[in-house]
Amino acid sequence: MIKVQANLCIGCGRCAENCPRQAISIINRLAQINHRLCNQCRLCLGLCPRGAIVELAAVPKEELALTVGSLKQKADNLIDRIEKIRQKRAV
């Protein structure tokens, strides 16, 4: 799904002007995507000067769990290394 990050959008209109399906409008200086018209061509992703238009992709629960587990292990390893350095300096 294509989404506009409102905090980054400056309402320049480049995405709306170039959308082949006219699925993007500028409303109150903010790009709005009509998902009924959008065919996910992704042209707008490369046009936004602020990177405000992004594609959200669903991640399977199992893949997310593996990634979080891996990050937790890396964080634990880093904390252990820092603690060992502190112990050496305390001596």
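A cavity here is a set of grid points where a 1.4 Å probe fits but cannot get out, and its lining residues have an atom within 4 Å of a point. The model is a predicted one.

Q: Which element gives the largest share of the lining of the largest cavity?
A: The lining has 15 residues, and those nearest the centre are Cys-19, Ile-24, Cys-38, Cys-41 and Cys-44. Two elements give two or more residues to this lining, namely helix H1 (14-18) and helix H2 (43-47). The largest share, 3 residues, comes from H2.

Q: Of the residues that line the second largest cavity, which are the closest to its centre?
A: The second largest cavity has a volume of about 80 Å³. Its lining is made up of 13 residues, and the closest to the centre are Cys-9, Cys-12, Cys-15, Cys-48 and Pro-49.

Q: Is Val-59 buried, partly exposed or exposed?
A: Val-59 is found in the loop between strand S4 (53-55) and helix H3 (61-90), and together with Leu-64 and Val-68 it makes a nonpolar surface patch of about 260 Å². Buried means under 20% relative accessible area and exposed means over 50%. Because the relative accessible area of Val-59 is 48%, this residue is partly exposed.

Conventions:
Residues are numbered from 1 along each chain as its sequence is written. This is a predicted model: local features need pLDDT of at least 70, side-chain atom pairs count only at pLDDT 80 or more; totals for chains, interfaces and linings use all residues. Side-chain values use heavy atoms; hydrogens and water are left out. Patches are made of residues with over 30% relative accessible area and no salt bridge: like charges are joined within 9 Å, nonpolar side chains (Val, Leu, Ile, Met, Phe, Trp, Tyr) within 5 Å. Accessible areas come from the Shrake-Rupley method with a 1.4 Å probe; for residues, only the protein chains shown count as cover. A salt bridge is a side-chain nitrogen of Lys or Arg within 4 Å of a carboxyl oxygen of Asp or Glu. Helices (H or I, at least four residues) and strands (E, at least two) are DSSP runs, numbered from the N terminus. Buried means under 20% relative accessible area, exposed over 50%, partly exposed in between (1.4 Å probe, protein chains only). On a 1 Å grid over the protein atoms alone, a cavity is a set of points where a 1.4 Å probe fits but cannot get out, and a pocket is an open set with protein on both sides within 12 Å along at least five of seven lines; lining residues have an atom within 4 Å of a point. Grid points are joined across faces, edges and corners, and a volume is the space filled by probe spheres set on the points.
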